[in-house]
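This briefing concerns the side-chain contacts of one protein model. Please examine the sequence and the structure below before reading the points that follow.

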Amino acid sequence: MNKITILFLTFFKIGMFTFGGGYAMIALLKNEFVSKKQWLTNEMFLDMVAIAESTPGPVAINSATYIGYHIAGFRGALAATCAVCMPSFAIIYIISLYFERFLKLTFVQYAFDGIQACVVYLILSAAIQMLKEVPKTFMNRAIFGTVFLAMILFSLFAIHFSAVFYILICGMIGVGAHGIKIIFREKHKK
């Protein structure tokens with residue numbers, strides 16, 4: 001099989017069995033593309049997550065597009081993006097036809113309860129794996145600690161602060177810190 005077919009089938013499978021959106025998908029993507037196929041390194045995967053998270057649109061679609069493009073160019077991006085969307089589209093379409101009857105089924109409610117618990121596990125698992133692989137620099141630890149503390153305080157005091165702002169602020173801090181490093185190096189060269 002060629003890479004485009006493999007990309008399509010892999011993303012179709014991931015799209016079929018991922019409940020809870022793109023964050024729940026991250027652990028499956030890492031397993032498939034870093035561990036099994038070794039098409040991405042850990043560093044490339046972390047970059048992909050950062051880009052997928054910080055660009056507009058759903059994380060699942062952004063991830064599929066990024067990985068597909070990285071592996072097989074435009075055709076790979078197209079195949080991966082279509083494949084990850086198709087299962088969700090088909091399932092939602094079928095559910096919409098029978099939505100009211102579907103929700104009245106007791107076993108469906110129990111299934112959703114179980115799926116919710118699994119989604120929390122998948123997101124937490126992916127976060128812990130990514131945290132382990134982030135370089136342990138002072139800057140990374142400072143940013144993580146600051147954001148973690150801010151999230152706890154904002155939650156305790158019921159202050160609404162969008163995750164988008166966390167991403168933008170951390171991105172600006174990273175760019176600023178890199179700029180300071182460059183200036184510092186240039187001064188020491190002279």
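**Briefing on side-chain contacts**

Ring pairs join F11, F33 and W39 into a cluster. The model is a predicted one. In it, the largest nonpolar core has 25 residues, the number of salt bridges comes to 4, and the number of aromatic pairs is 5. A search of the whole structure for disulfides finds 0.

**Aromatic rings and the charges over them**

- Among the 5 aromatic pairs is the one between F33 and W39, which is tilted, with 6.1 Å centre to centre and 40° between the planes.
- F33 is buried, as its relative accessible area is 0%.
- F144 and F148 form another of the aromatic pairs, and this one is stacked, with 5.8 Å centre to centre and 15° between the planes.
- Helix α7 (residues 138-156) holds both F144 and F148, which are 4 residues apart, or about one turn of the helix.
- F144 is partly exposed at a relative accessible area of 43%, and F148 is likewise partly exposed at 46%.
- The ring of W39 has the charged end of K3 over it, 5.5 Å from the ring centre.
- The ring of F33 has the charged end of K37 over it, 5.9 Å from the ring centre.

**The largest nonpolar core**

- At least two core residues come from each of the helices α1 (3-17), α2 (22-36), α3 (42-54), α4 (59-97) and α6 (106-133).
- The helix that gives the most to the core is α4, with 8 residues.
- When neighbours within four places in sequence are left aside, F45 is in contact with I26, L29, K30, V34 and L40.

- E32 has its place in helix α2 and is buried, with a relative accessible area of 5%.
- Apart from neighbours within four places in sequence, the residues in contact with E32 are T10, K13, I14 and K37.
- Side chains of opposite charge can pair when their charged atoms come close.
- A salt bridge joins the side chains of E32 and K37, at 2.8 Å from N to O.
- K37 is partly exposed, with a relative accessible area of 25%, and its charged end also sits over the ring of F33.
- A further salt bridge joins the side chains of E32 and K36, at 3.4 Å from N to O.
- Because E32 and K36 are 4 residues apart in helix α2, about one helical turn separates them.
- K36 counts as exposed, at 53% relative accessibility, whereas E32 is buried at 5%.
- Salt bridges link K13, E32, K36 and K37 into a network.

- Which residue meets E133 in a salt bridge? The partner is K30, and the N to O distance is 2.9 Å.
- E133 lies in helix α6 and K30 in helix α2, so this pair ties together parts that are 103 residues apart in sequence.
- E133 is partly exposed, with a relative accessible area of 24%, while K30 is buried, with a relative accessible area of 9%.

**Cysteines**

- With 0 disulfides found in the whole structure, C82 is in none, and its nearest cysteine sulfur, that of C85, is 7.0 Å away.
- The distance from C82 to C85 is 7.0 Å between sulfurs, and a disulfide would require sulfur atoms within 2.5 Å.
- C82 is partly exposed, with a relative accessible area of 36%.

How values were computed
Residues are numbered from 1 along each chain as its sequence is written. This is a predicted model: local features need pLDDT of at least 70, side-chain atom pairs count only at pLDDT 80 or more; totals for chains, interfaces and linings use all residues. Side-chain values use heavy atoms; hydrogens and water are left out. A nonpolar core is a set of buried Ala, Val, Leu, Ile, Met, Phe, Trp, Tyr and Cys residues joined through side-chain atoms within 4.5 Å. Buried means under 20% relative accessible area, exposed over 50%, partly exposed in between (1.4 Å probe, protein chains only). Contact means heavy atoms within 4.5 Å. Rings of Phe, Tyr and Trp (its six-membered ring) pair if their centres lie within 6.5 Å; planes under 30 degrees apart count as stacked, over 60 as edge-to-face and the rest as tilted. A charge sits over a ring if NZ of Lys or CZ of Arg is within 6 Å of the ring centre and within 35 degrees of the ring normal.
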